[in-house]
Amino acid sequence: MVTEEIVYKVLDALYKSTKVTHADVKMSKEDFNDALDIICDCNYAKNIRFSKGTMNQILIAFYDNAKITLDGLHFLNGYRQPSTVAENEESNCVFLSYCWNDNAIANSIDAFLQSKGYGVKRDIRDIGRWHSIREFMNTIRTQDYAVLIISDRYLRSANCMYEVGQMLKEEDFRNRIIPIVVENSIYDPIKRIDYIRYWEDETNKLESAMKEISMTSRGEATETLKRYKNISMQMGEFLQTVSDMNNPKLTDINEAIVEKLQS
């Protein structure tokens, strides 16, 4: 799994020299390429390209012309090296992904996990004022686990589904997600198709609206359209994966999460 420390090491190496390899930073080629992918997603560096195969797996990374951005410099300057602790004192860090309509459930899980000594990454305290929301969402890939509170509003939220899309880039995403199923209709294949259709409709509406503005004004809308298309393509795989898991009931959820973290 690619951690924030690995991202820092790769970005710091790129800052010092673009002629760097995975061996130079003492990590596997897979971790090195995944770190480059996160650096690209977070806009920490520009001019990084990839050749990808099935399941979005990186085959080749091109970074010889990489340039560190201002966001990348802020990350390097603000990063704190993790302190060395005894192995029995280490604990998993959990990213809490949820829609604000499900704040009560999120609060309960957040408080319980912290009471058990787990670190919880959450938007309401980990996004500084005027800081980038997208940059925070990208950090979901660097946490040990992601708790996903899956409700109807969650599945219709572009931000929530963007976080899901980031996790889907991880080869072991099934083992690193902890779904909390609020919307039980996802177990019905017809309802799962409804969510795919919802995002296809959102994509079509945005495409139609974009035709009414000039090509030179479509920059931000083009990026949003790309995200919508990715969501509609990934929705089926995500819902099928979650519906195939033996998800515990909400009444037992806190203890079940801790059991998963300790397994």
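How many cavities of 30 Å³ or more does the structure hold? The answer is one. Keep in mind as you read that this is a predicted model.

**The whole chain**

Let's step back and look at the overall fold. The protein chain has twelve helices and eight strands. Its radius of gyration is 19 Å, close to the 18 Å that the globule rule gives for 263 residues, so the chain is as compact as a globular protein of that length. Along its principal axes, the C-alpha trace spans about 60 × 50 × 35 Å.

Now find the helices α1 and α2, whose axes come within 9 Å and cross at roughly 80°. Because of that angle, α1 is roughly perpendicular to α2. The table shows who takes part in the contact.

| Helix | Span | Residues in the contact |
|---|---|---|
| α1 | residues 4-16 | Ile6, Val7, Val10, Leu11, Leu14 |
| α2 | residues 29-41 | Asp31, Phe32, Ala35, Leu36, Ile38, Ile39 |

Sorted by class, this contact between α1 and α2 has ten nonpolar residues, one charged residue and no polar ones.

**Inside the cavity**

Back to the opening question. The largest cavity contains about 50 Å³ of space. Which residues line the largest cavity? They are Glu4, Val7, Ile38, Cys42, Tyr44, Phe75, Thr139 and Thr142. By class, this lining divides into five nonpolar, two polar and one charged.

Technical notes:
Residues numbered from 1 in each chain as written. Predicted model: local features only at pLDDT ≥ 70, side-chain atom pairs only at ≥ 80, totals over all residues. Heavy atoms only, no water. 1 Å grid on protein atoms, 1.4 Å probe; cavity = no way out; pocket = protein on both sides within 12 Å on 5 of 7 lines; lining within 4 Å. Points joined across faces, edges and corners; volume = space filled by probe spheres on them. Nonpolar A, V, L, I, M, F, W, Y, C, P; charged D, E, K, R; others polar. Axes fitted to C-alpha atoms, helices over the stretch in contact; angles between N-to-C directions. Helix = DSSP H or I, 4+ residues; strand = E, 2+ residues; numbered from the N terminus. Parallel < 35°, antiparallel > 145°, perpendicular 65-115°, else oblique. Contact = heavy atoms within 4.5 Å. Rg over C-alpha atoms; globule rule 2.2 N^0.38 Å.
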